[in-house]
Amino acid sequence: MNELSLGPIGSASLLLALAFSVWSLIAAWVGAVRRDAGLLTSSRLAGVATFLAMSVAVAVMEIALLTDDFSVSYVAETSRAANPVWVKMVTLWAALEGSLILWGWLLSGYWALLALRAPNTPLRPWALAVMASVQTFFVLVPAVIAPPFEVMNPVPADGPGPNPLLQNHWMMAVHPFLMYLGFVGLTVPFAYAMAALITRRPGSEWMLQTRRWTLIGWGFLTAAIVTGGWWSYEVLGWGGYWAWDPVENVSFIPWLTATAFIHSVQVQQRRHMLKAWNLALIILTFSMTLLGTFLTRSGVVSSVHAFGDGPVGPAFLAFFVVVTVISLGLMAWRWDQVRDRADLDHPVSREGTFLAGNVLFLAIAFAVLLGTLFPLIVEAFTGDKVTVGAPFFDAATLPLWMGVLGLMGIGPLLPWRRARWQTLRSNLTWMTGVGVAFAVVAAALGMRGTYPLLTVGLIGWNLASFALLLTAAVVPRVRVGTRSVVQVIGDYAFENRRRFGSMIVHLGVVVMAAGILGSSGYRVDEQVRIEMGETHAFRDLEFTALNTFVEQTEYRIGAGATVRVERDGEVLGTLRPKINSFFGQSMDVPTPDVLYLPLYDVYLNVGAGVREGQDFVILRVVRSPLISWIWVGGVVMALGTAYALTPSRRRERETLSAPEGSQTA
Amino acid sequence: MRSAYVLLAALVLAALPAQAQVANPGAAAPPERLESRVFEIAQQLRCPTCVSESVADSSAGISIEMRNQIQAQLEEGRSEAEILAFFQERYGDWVLLEPPRRGIHLIVWWLPGIALAAGALGLATLMVRWTRNARRLAEEAPLSDEERARVRAELADSGPGGPA
């Protein structure tokens, strides 16, 4: 087995990937400067070769993990022979060094795709050169700075296995992947933005060529954040999904700036303004992903004292600084081309709401970044420990979210340039009416508090906005033709992929807002002790403890209780919360069980360890209203993004219909 | 990673004396039932040994201890404010997840508002300038009568337009 040692093969493939990547970088820059087609082709081929070499490195690591080759340092430090196959496979990204190979591999995959598929435009050579530079950094880190393929001597018999929290749920196989795909996807628009600056073509060209890449990156990031929330909910045992933890925050900040970006690029495409702003936004988005990686990979966020823990953190910090300084410097250097003489017909217009929304998204991003970094800054300067926790983030961002929800309703209804006052007044009347009606009903049902009632009102406001949008699109078409309403809606959805897709995404946001309101405002937590065979009443529910159990597999022991959940004598389900202990790890992992219901979830978690034959169980019980709506909203957002990405035939129709139109004129 | 665990261990040790004070000598066995108000209060306290988790969310030993302590104090009839003050006295402001609105914390409370105000003001200024640009553009290149007539004719032809 070990005649052919995997470690050196893995190291060699990483070094090969580095060599290809460096060549691609040099060839791309020199080729782009000299307009040398041969060098550019060579660079693109080297890009593809980098992807192949990285694929070999990933494959070698997977083989090493699956065959328990503990002579490879990463396997020895993070894997365990007795683990099931799927855990061994995902152990690739369960720790720092492995996750960096994954990142480098995915980035090289995007790059190879771009090198092979991107249309040959004046921007392409430079965009590929920027991609090559970023890629070189992401290959350099695993190849040289944090090498995972060191040869262990002596070879240990077994390893500790990955962090137990990471092997307790299948989401480990999904969420990190989505997150990297999102981060990596947003590298493409950044590279094209840089190319636009270098070639002095800061028009809409770069964003049109990367529109799909941007949406794909944004869609993956959205999906990653929502699945991350659901994962926390399923495994962390406290019935929540978002704790404003630094690691969560730094993944959220690029999402906020990217969301601002995908809205404001439309202003540039339609109205030829905001050149500088859009460039700044994509630079900010990309540099925030790097800053986030630095903060999470260096241990800085848990404490300033962990600074300098391994060379990866400083490498990311240096790369973050270099990228930010160079890209902003380039923008300053090209300022004459970038600045535009913008003209705005009226603030009350589509572009006006996009601009206001941008200010709100950026303000949220700033508040989150400040809250995350503030404890670090204070501790670095004064040595004092301060805490900035969830209540701050809620207080600082809630009013801004209300503004975002408000703009989300009115923005799509406003035309570009200038709103017609009559239409606007009628739309506003409808939306305000429905919004107020929603809030009044909620208040009558016993809801209190400014933010909850405002949120309910804004949900109504947005639902009215959807109805108005569809009516405005469908009614004229129904009047003109002979087709039914359903057919017309179908045609409208089919012909306007982007617009209809964005409506679906916005609907997902509304569903999610309802879920967040219900679960954060109206959840009830209790800890109870139930004797075996007895029943405990909890609000409108009844829990009966049926039995305790201890179950053992090759790699873990789970101990918990079986609990029947009833409402009005009707059995809703049987839950089996437990605590898992993984062999080789000291940490016990709570493994809650959830009853998913449309109106509220019942969440049970074992509060204190269960021993064999124990005749009672201590349970943490959470009843969380509407929480599953958050996941549904996330799915709707992902589907809407996917729908907007399906190829549209609209352009063909436009070009076909144009000559006809000019004849009639 | 390893030094993070060392740090964590150090924090646990540092917190132990405080924890010993917290343990109420009156409460013999820790309560096994915790009412929902316990979690509402614990939501506002930071778990001293965790990385940014609240006492309500964490399953660390010290958090369980603190939740029991909150239950015991609630049973003694103490108010939420008194209980929070009790923990603040022992652990300092650091234990409160909501930064107090005084001293250095004012920076974190005020800056987002200042940034938003600056952003809104900046946008308003730009909007004024841009609408002026638009007006000037219209004045510089006004439509001729001929063009106006054509626009009117085409608008009349196409009837009431669909949404933008």
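With 19 C-beta neighbours inside 10 Å, Asp68(A) counts as partly exposed, a class that lies between buried (20 or more other C-beta atoms within 10 Å of the residue's own) and exposed (12 or fewer), with C-beta atoms placed from the backbone. The model is predicted, so that local features need pLDDT of at least 70 and side-chain atom pairs count only at pLDDT 80 or more, whereas totals for chains, interfaces and linings use all residues. Residues are numbered from 1 along each chain as its sequence is written, while chains are lettered from A and ligands numbered from 1 in the order in which they are written.

Asp68(A) is not a glycine, yet its phi is positive, near 55°. Asp68(A) lies in the loop between H2 and helix H3 (73–78) of chain A; helices (H or I, at least four residues) and strands (E, at least two) are DSSP runs numbered from the N terminus. A positive phi, of about 50°, is also found at Arg35(A), likewise not a glycine. Arg35(A) belongs to the loop between H1 and helix H2 (37–66) of chain A, and it counts as exposed, with 10 C-beta neighbours inside 10 Å. A further backbone feature is the cis peptide bond between Asn153(A) and Pro154(A), with omega about 0°. Pro154(A) is located in the loop between H6 and helix H7 (175–185) of chain A.

Helix H1 (residues 6–34) and helix H6 (residues 124–145) of chain A pack with their axes 8 Å apart and at an angle of about 155°, where axes are lines fitted to C-alpha atoms, for helices over the stretch in contact, and angles run from 0 to 180 degrees between N-to-C directions. This angle makes H1(A) roughly antiparallel to H6(A), the term for angles over 145 degrees. The contact of H1(A) with H6(A) comprises 18 nonpolar, six polar and no charged residues; Ala, Val, Leu, Ile, Met, Phe, Trp, Tyr, Cys and Pro count as nonpolar, Asp, Glu, Lys and Arg as charged, and the others, Gly among them, as polar. Residues of H1(A) that take part include Leu14(A), Leu18(A) and Trp29(A), and those of H6(A) include Trp126(A), Ala132(A) and Val139(A). Contact here denotes C-beta atoms, placed from the backbone, within 7 Å.

Leaving out residues up to four places away in sequence, Ala195(A) touches Leu123(A), Trp126(A), Ala127(A), Val130(A) and Trp206(A).

Val524(A), in strand E1 (residues 524–531) of chain A, is partly exposed, with 17 other C-beta atoms within 10 Å. Beyond its neighbours within four places in sequence, Val524(A) is in contact with Arg539(A), Arg623(A) and Ser36(B).

The contact between the chains takes 52 residues from chain A and 43 from chain B. On the side of chain B that touches chain A, helix H1 (2–22), helix H2 (36–42) and helix H5 (105–140) of chain B each supply at least two residues. H5(B) provides the largest share of that side, 15 residues. By class, the side of chain B that touches chain A has 24 nonpolar, 11 polar and eight charged residues.

Conventions. Contact = placed C-beta atoms within 7 Å. Parallel < 35°, antiparallel > 145°, perpendicular 65-115°, else oblique.
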